[in-house]
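Hi,

Here is the structure I promised to pass on. Please open it first, then read my notes below.

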Amino acid sequence: MSHGHKVASALVGAVLLAAGAFLLTYSPAANASDVFSRMMWGTALAAGAVTVALAVYGLAYAGTGRQRAAERRRLAASHGRQGYAPDRLDLRPIRPAKFWWNMALIMLGVLFVSSAAGTGMTLSALLEMPARVWDFSGQMIGGVAQIPDEDVRGDWSSAFDAMLESVAIAWIGTLVGALFSLPCGILAARNLTPLGTYIPMRFILSVIRAVPEIVFAVAIFIPLLGVGPAERGGAMAGAFALGISSIGTLSKLISESIEGVDQGPLEASRASGATHMQMIRWAVLPQVLPEVLAIWLYRFEVNIRASAILGALGAGGIGRLISPPNGLFGQRPYDWEAIGITLFVIIAVTMAVDQISGFVRHRVIHGKTVRRRTRKQAEAAPPPEPPRAVAL
Amino acid sequence: MSAALSERPVTEPRPEPGTDRPSPPKPALAPYLGLVLLAAAAASFFIWNWEGQAVLFLPLGDTVLWAPRDPLLGLGAMMLILVLCWRLRVSPMGAFGGLAIVVITYWAGSNIHFIDRIAEVPRRLTGGNTRDQLVGYFNPDWSYLLFQNVAGTSRPIWGEWLITLCMAVVATIIGCFIGLLLAMLASPVSSLNTGTSQTVKAINSVVRSIPDVGWALLFAAFLGGTAYGLGALAAVLALIMFNIGIVAKLLGESIDAIHPGPLEAADAAGATLVQRDRVAVLPAVMPSFISYSLYVFELNIRASAALGVVGVAGIGGELSRQIGRMSQGYENVGAILWALVLVVLMVDLLSLWIRRRLL
């Protein structure tokens, strides 16, 4: 039964796809662009593959017809019988048909093939990659492992310098975001704010979330604050771009945690005649502050990684050190020893900051007494905190 | 009744209401003095290398890592936060946190020349080409975006957008599947043994700590192209690594937190590891996997637009070319940026819709 559904759904899907691909491939629109026609050829290819697979599957299905009929008879016979029948052990519950799920998977496969064709990748380049990876990794490891002489010391110190500038950018950015996000989060929390403020605030926040940070950096803060190394303002532009784009996510998370707050203290403070500000200060903030601090620290970790891409655009930090115009990857042949040292510094500093901030977060949320729990206790207790997709 | 009240002997005068409350305890003095010493030490360190004194940093080289300016300002801010914490009766640990925040902020702010740049903003706004730039960004040239070709080729600009979307799709699908596999291996719940899970976690944190620009440049070099003018392969590989890091981390945490019931049932029924992961772990994390995949797809659109800046295919490459010739006008860059906002907004809405349908 479920086989029938599978075959039918796959057949219908394949025919539809093949028809669509054929129409689109030979339509005049396909000639307008390379990318588009490549994608359409990919779609046709994928649809062809699906059709072949289905043909094989359908032939196999048709070939086992007699066997299935015998099976069905046997099951029907054992069905009516009373008492113990060994064949009834075969009567497992029938799987529900998953028509749309199968269709979605097929569509996903076709989408994958067509977009892989659309990107125009030359996959043959992958064949030469392992030899180069081996060669360059050896040079990089050699660069990290050698006893530093004068030049190499220069590499180490410039890498540390740029990486610490990245950390500084991320810190200032997080601070800017944090300063604005607490009031915005309060104004975007439904249980503290009237609808007239809540709706515009939500709208503004979702607009900020939709704008990528490179747009903030290129369009607003690089003209305003300068471009290039720190003393010419690139670092500040990066920090402010990160800060403004953190406001959206931070405020959303903070408002969610405010909405989940325990109602008791709010009612108590309202009953004792507190003003709105007093209620926020004494009933809301003490409850959400640990979580808010944790959210801010998450964002700090994220901002360190994000500052690299802004550096490539001309805002300072580690991205400026590595990216092409005048960075390490600027002119060939690349100085692989310096690149290895820089990557080592990036990994080391990022992991160190992650560890420190993870420790602080754990300390802020769970307090001094709770240490890392063993596995048995962790299984007994409810899961601590759900992972936060939006924060990353 | 009133007589009884008036006859009650008054032994002592009642204090004014509100003044008889016990005063909240003051924090201990000794830790605060220690904090003041700490602040003084930090300030004296900053004063010591006021003028960019080279600081010996590791045995690896001496470098001008800390060039804080206006150290007296820093000292003032540190003392201010300590006094504030004392007046608000914050516990010493909290005051230490506040002091740490002030010290790091002072260091970071002076490292990126915060005050100088802020002071310069009004002058930049009124003079120079900043005005033209901002005006250009807000008057984008849409005909460039819709009808022109990439300079020197016959490829239209909107085709570059299609390439960017294609790169994001391919990278999301491959990266999410590898990420799922690694998350299975990284979580002690579903992994082979503790050693595997620790190793995979370590590898994953290394993968995650290299930024996506770094991956793109590395792969461009590994593939043998120059950083500029390479096909989409480097960008796709870089995005795949970027996605693996995110999905493996988030999904590993979800796998850690799944309900142990189905796992025990699978174990009791004698399932092998693969069967156990297939029937007990995978269905439990499937909703979060789909949600993370959609989230990663949104991230990929933004990242692939930005990755072009280091010279790969897609709209990012065009963006960096236009930034390079920005002296001829800002309308083209403005158009690309506005279109980027629109595309990201549409992808957000699409993924919100899919998420509502599926979950």
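The buried residues of helix 9 of chain B are B:Val200, B:Asn204, B:Arg208 and B:Ser209. Buried means that 20 or more other C-beta atoms lie within 10 Å of a residue's own; exposed means 12 or fewer, partly exposed is in between, and C-beta atoms are placed from the backbone. Seen down the helix axis, these buried residues fall within an arc of 160 degrees, so they line one face of helix 9 of chain B. The arc is taken over the directions from the helix axis to the C-beta atoms. On the other side of this helix, B:Gly195 and B:Ala202 are exposed.

This is a predicted model: local features need pLDDT of at least 70, side-chain atom pairs count only at pLDDT 80 or more, and totals for chains, interfaces and linings use all residues. Residues are numbered from 1 along each chain as its sequence is written, and chains are lettered from A and ligands numbered from 1 in the order in which they are written.

What covers the buried residues of helix 9 of chain B? The cover includes helix 13 (336-366) of chain A, plus helix 8 and helix 11 (233-256) of chain B. Helices (H or I, at least four residues) and strands (E, at least two) are DSSP runs, numbered from the N terminus.

Now the whole chain. Chain B has 15 helices and 2 strands. Of its 359 residues, 41% are buried.

Last, the contact between the chains. It takes 74 residues from chain B and 75 residues from chain A. Two residues are in contact if their C-beta atoms, placed from the backbone, lie within 7 Å. On the chain B side, helix 8 (residues 157-186) gives the largest share, 8 residues.

Best wishes
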